Amino acid sequence: MKYQILVLDLDGTLTNSRKEITPPTLKALIEIQEAGKKVVLASGRPTYGVVPLARQLHLERYGSYILSFNGARITDCRTRSEERRVGK
């Protein structure tokens, strides 16, 4: 199976202890997107807390998404539109 999407948690997974994306990781994630794959950032943080990392990864250029508020909000980085889905 060839994966087309990579969903990443942020704190302690994507980012280091200083909440930064390291240069080798940034390079790899840009290359993944250039190859046509989607990178999605998932976090319990509010959307505004994820946006700086999304910008660093150029998610808007590649038409990717942010899952914030523990998945309760999905944001299309290209259009900046939000869809709210809360469990029943």
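The model is predicted: local features need pLDDT of at least 70, side-chain atom pairs count only at pLDDT 80 or more, and totals for chains, interfaces and linings use all residues. Residues are numbered from 1 along each chain as its sequence is written, and side-chain values use heavy atoms, without hydrogens and water.

**Core.** Select Leu10, Leu14, Leu29, Leu41, Ala54, Leu57 and Leu59. These have the most contacts inside the largest nonpolar core, which has 14 residues. Such a core joins buried Ala, Val, Leu, Ile, Met, Phe, Trp, Tyr and Cys residues through side-chain atoms within 4.5 Å; buried means under 20% relative accessible area, exposed over 50%, partly exposed in between (1.4 Å probe, protein chains only). Strand E2 (38–42) and helix H2 (47–56) each supply at least two core residues. Helices (H or I, at least four residues) and strands (E, at least two) are DSSP runs, numbered from the N terminus.

**Pocket.** Now show Thr47, Val51, Ala54, Arg55, Glu60, Ile66, Thr75, Asp76, Cys77, Arg80 and Glu82. They line the largest pocket (on a 1 Å grid over the protein atoms alone, an open set of points where a 1.4 Å probe fits, with protein on both sides within 12 Å along at least five of seven lines; lining residues have an atom within 4 Å of a point). H2 gives the most to this lining, four residues.

**Salt bridges.** Select Asp11, which is partly exposed at 33%. Its side chain meets Lys19 in a salt bridge at 3.6 Å, N to O (side-chain nitrogen of Lys or Arg within 4 Å of a carboxyl oxygen of Asp or Glu). Arg45 is buried, at 18%.
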